[in-house]
Amino acid sequence: MEKRQSMERYSEGRLPAMAPLANPYVPFQLENPPRYEASKALVRGTLFPGLDLPLLGMVNKNELPVTPLTQLQTMAFMIQELALYLDTHRDDMEALEVYRSYQKMYQDAKKEYEKNCGPLTHMTHNEGPYRWLDEPWPWEYAKNREV
Amino acid sequence: MFIYDKKLQYPVKIDKPNPKLASVIISQYGGPDGELGASLRYLSQRYSMPFDELKGLLTDIGTEELGHLEMVGAIVHQLTRNLKDSQIQDSAFAPYFVDHTTGVYPQFASGTPWNAATIAVKGDPIADLTEDLAAEQKARVTYDNILRLSDDPDVNNVIKFLREREIVHFQRFGEALQLLREKLNQKNVYYMNPSFDM
């Protein structure tokens, strides 16, 4: 595994020294790239500072309030971003470890969220009345008002 | 199979309805470079992909695009809630309104319904991944253009998130192309179509 890159190189990737003609190349992101912390990653839309390339300096600086829903969204985003990274970097053991730690956190947070806010999927078992229809739907203003 | 997860990928909370803005953002729902096309493009291309990394990446990005489709639908829905007739008369939203009221319909900003001709499934992994690189760039530019047209921070926070996802997806498709090439004939990667000849 490559050593942690110095911060000034984080936005550069690996290209072959010689490459066949008539082929498009995107530099390969180096292993173990610097990462934002989780809540910043969600707001920026990427975990990786090296891929954070805003238009005309329009950096996403909004702060999402910490609610059970935004915490779940933050963890799910970390898992999604690392999954895409691992699809092309399956041997990066450090990324794999972070991915697994968020999977664990997500499982616990999901249980807690569903206790209070109802099931996220039909696969969640609960006793008592049918709860699937209780909460506002994700696309409705009312569901997002708190965030 | 797909299971509905009852939450958005990123919160969509738009305080101020704005039907005029909705009439351009609808293009990222069902326009030429929108999220409906993105999800169907990747989820359809994956069947003919020859290697596990490629099948996995197209499944994972295609699934995320379905989540983006839902987010764009949420933006349009919230921008058009509680409207009065007077907010629609003389507005750029009037032509959309007459056909769809405030329903969310997959169409271009110009009114053309979503069209499968805006996506491609060639059945050759180099051709399909190269199409995907271009598709991510076109979606990125569409989000750029929406940011130029909108001054609502509630909308722009979400649009900036979606725009950034296009850049990350572009990076991953580029890496996938390189992983693919490493498995092909190094002297001539166009020697055959690995989806068909392997």
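**Cavities and interface**

Tutor: The largest cavity holds about 90 Å³ of space. The model is a predicted one.

Student: Which helix supplies the largest share of the lining of the largest cavity?

Tutor: The lining draws on both chains, with A:Arg44, A:Asp52 and A:Met58 among the residues of chain A, and B:Leu147, B:Lys160, B:Arg163 and B:Glu164 from chain B. The largest share is three residues, and it comes from residues 153-182 of chain B, helix α8.

Student: How many charged residues are in the lining of the largest cavity?

Tutor: Asp, Glu, Lys and Arg are the residues counted as charged. Six lining residues are nonpolar and one is polar. The charged residues number five.

Student: Which residue of chain B lines the second largest cavity?

Tutor: This lining includes A:Tyr113, A:Cys117, A:Trp132 and A:Lys143. By class it has six nonpolar, one polar and four charged residues. The residue from chain B is B:Lys6.

Student: What area do chain A and chain B bury between them?

Tutor: The contact involves 58 residues of chain A and 50 residues of chain B. Carbon and sulfur atoms account for 58% of the buried area. The area is about 4,700 Å².

Student: Which three residues supply more of the area that chain A buries against chain B than any other three?

Tutor: Their part of the area that chain A buries against chain B is 14%. They are A:Val26, A:Trp139 and A:Tyr141.

Student: Which residue of chain A forms a salt bridge with B:Arg165?

Tutor: Between chain A and chain B the count is two salt bridges. In the one with B:Arg165, the closest N and O atoms are 2.9 Å apart. The partner is A:Glu81.

Student: Which helix gives the most to the side of chain A that touches chain B?

Tutor: Across this interface there are 24 residue pairs in polar contact. On the chain A side, α1 (38-44), α2 (68-88) and α4 (141-144) each supply at least two residues. By class, that side has 36 nonpolar, 13 polar and nine charged residues. The most, 12 residues, comes from α2(A).

Terms used: Residues numbered from 1 in each chain as written. Chains lettered and ligands numbered in written order. Predicted model: local features only at pLDDT ≥ 70, side-chain atom pairs only at ≥ 80, totals over all residues. Heavy atoms only, no water. Contact = heavy atoms within 4.5 Å. Buried area = accessible area lost by both parts, 1.4 Å probe. Salt bridge = Lys/Arg side-chain N within 4 Å of Asp/Glu carboxyl O. Polar contact = N/O pair within 3.5 Å; in protein donor to acceptor, adjacent residues only side chain to side chain. Helix = DSSP H or I, 4+ residues; strand = E, 2+ residues; numbered from the N terminus. 1 Å grid on protein atoms, 1.4 Å probe; cavity = no way out; pocket = protein on both sides within 12 Å on 5 of 7 lines; lining within 4 Å. Points joined across faces, edges and corners; volume = space filled by probe spheres on them.
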